[in-house]
Each structure stands twice: as structure tokens, then as C-alpha cells.
Amino acid sequence: MNKGGILVVEDESKIAAIVKAYLEKEGFRVTVANTGQKAISALKDGFDLIILDLMLPDMDGEDICRTIRADSDVPIIMLTAKVEEEERIKGLGIGADDYVVKPFSPRELVARVNALLRRSKGTKGSISFNKGDLVIDSSRFEITKNNVPLVLTPTEFKLLQCLAERPGQIFSRLQLVNVILGYDFEGYDRTIDAHIKNIRHKIEEDPRNPSYIKTVYGVGYRFIGQPDED
Ligand code: CA
């Protein structure tokens, strides 16, 4: 079984060894780099996914992320000890696809790896939720609710797609602003509420008791639809 190659960039040898063991058990080939320089020179080998620690002895993980993104769209999961929301947002803003906060369970990391690889391969073209009730086809920009096509604005589509691709993950309003505009813009975050309200009116049976987009009070939003099995 060979599910692909993963580069683990982590200077803490214990963490690197555990992550490597778990991923290898899953059938991945794993290369560990314990410095930023080694990580960058390993890139030429080509990987299917990169797990990148933010805090490295010689380089800032964010700089490595930018370097990788300059000429590659390989999926990146950031490992961060920084729990500040602003820092997480920054990680996603500079091109990481997902982040895991330390300390993390190796099992959760493996689940995130599998989910990200499924997303990035995009072979399915569409994802469906709640037993086919809601289907999002990203390649055709189509959404159907109970087999009826819906009309969403490009902004609404982008927001829903972002939330639905990461079920369970909480997004702050500012993070969602970043999704729409590509940068943070204070003062725009309340506009997100208006967009979410519009999306709910289109996809929810009962917008006041949503089965897809849940409000996380004081923080933002979370997608709670149940992904259908393949
Ligand atoms: Ca570290």
C-alpha cells in the first residue's frame, strides 16, 4: 500500500518520530526534515503533502510556507503552538490549507491528512451532505438542494464551499473575509453575517434552526452538515 509521499518538517525529534510512525502505518512514505534549510532542499523530491511546524530553529515556518507557495500548490498542514486566533488566520492567509494546534493527537493529524488529500485531489468534483440533500459541485459551480439547483452569488458560493470543505472547523468572520477578499479588512466582517443569512435562506429548511451553517457565538461559523460516504 502506497498512499503517497509526505514531508514532515519538525525539529522536535519525538514529535517527528510519532508523526512518521502513524503516517507510515497508514501507508505513506515519510521524509523528515528537522530544519527549514533541509526542508527546502528536500522539496525537489516532490511530495503529495507537507506537514510544517511553524517554529523551527533556523527559519520561520511562515517563510518556508511562502517559499513553497511561490512555485507549488502542494497541500500544507501547519503545526502550530500558537493558539492565538490571529496567528491561525495568518497561517491560512499565507497559503497553508489547514492547521493543527499542538499538542495534537496523531490520530487527528492523520485524519486531517487524509481529508486534505481527498479534497486536493478533487477527483469527485462534487461533495454531498445529509444523504444527498445538499450537493456542492465545485468544478461546475453548481449547488443543488434536494435535487433542485440553487442560485448563489459567487461570494455566497465561495463562503459555502469554504465552510463545507472543512466540516466541523470553526471559521472566524475575519477568516471568512479573507476567503472572499483575499485579505483582512476590518469592518467588513459584519457583511459576512449578511451573506450567511442569505445562504441560509437558500439552503436551510429552517434558517433559525440550521442543519448546515451553525453560528458559533462570539467567534464565527461552522459547517455541521454530515458528509455522505463515497
Ligand atoms: Ca518546533
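Trainee: Which strands does α6 lie across, and at what angle does α6 run to β12?

Mentor: α6 lies across β10, β11 and β12, running at about 65° to β12. α8 packs on the sheet too, where α8 touches β11 and β12 and makes about 145° with the direction of β11. Touching means contact, that is, heavy atoms within 4.5 Å. The angles run from 0 to 180 degrees between N-to-C directions, with axes fitted to C-alpha atoms, for helices over the stretch in contact. Bear in mind that this is a predicted model, where local features need pLDDT of at least 70, side-chain atom pairs count only at pLDDT 80 or more, and totals for chains, interfaces and linings use all residues. Residues are numbered from 1 along each chain as its sequence is written, and side-chain values use heavy atoms, with hydrogens and water left out.

Trainee: Why are β10 and β11 called edge strands?

Mentor: The open sheet has three strands in the order β10-β12-β11, with antiparallel pairing. β10 (170-172) and β11 (213-216) each pair on one side only, and that is what being an edge strand amounts to here. From one strand to the next, the twist averages 30°.

Trainee: How do you know that β10 and β12 pair?

Mentor: Pairing takes at least two bridges found by DSSP between two strands. β10 and β12 have three, in the antiparallel sense, so they pass. Within that sheet, I170 stands opposite R222 in β12.

Trainee: What makes α6 count as mostly covered?

Mentor: Eight of the eleven residues in α6 are buried, including F157, L160 and L163. Buried means under 20% relative accessible area, exposed means over 50%, and partly exposed is in between, using a 1.4 Å probe and protein chains only. In the whole protein chain, 43% of the 230 residues are buried.

Trainee: Which residues touch the most other members of the largest nonpolar core, and which element gives the largest share?

Mentor: That core has 24 residues, and L160, I213 and F223 touch the most other members. Two or more residues come from each of β7 (134-137), α6 (154-164), α7 (173-181), α8 (189-203) and β12 (220-223). The largest share, six residues, is from α6. To qualify, residues must be buried Ala, Val, Leu, Ile, Met, Phe, Trp, Tyr or Cys, joined through side-chain atoms within 4.5 Å. A second, separate core has 20 residues, among them L54, C65, M78 and I94.

Trainee: What does F223 contact beyond its neighbours within four places in sequence?

Mentor: Its partners include F129, L134, L160, L163, Y212 and I213.

Trainee: Which residues coordinate the calcium ion?

Mentor: D11 (OD), D53 (OD) and M55 (O), at 2.1 to 2.3 Å. Donors are N, O and S atoms within 2.8 Å of the metal, or 3.2 Å for Na, K and Ca, so all three qualify. Water is not among the atoms, so the site may look incomplete. Along the chain, the donors follow D-x41-D-x1-M.

Trainee: Why is D53 called buried?

Mentor: Its relative accessibility is 1%, against the limit of under 20%, so D53 is buried.

Trainee: What does the pair of E26 and K3 tie together?

Mentor: Their closest N and O atoms are 3.2 Å apart. E26 lies in the loop between α1 (13-25) and β2 (28-33), and K3 in the segment before β1 (4-9), so the bridge ties together parts that are 23 residues apart in sequence. E26, at 28%, is partly exposed, and K3, at 30%, is partly exposed. In total, the structure holds 15 salt bridges.

Definitions and conventions. Helices (H or I, at least four residues) and strands (E, at least two) are DSSP runs, numbered from the N terminus. A salt bridge is a side-chain nitrogen of Lys or Arg within 4 Å of a carboxyl oxygen of Asp or Glu.
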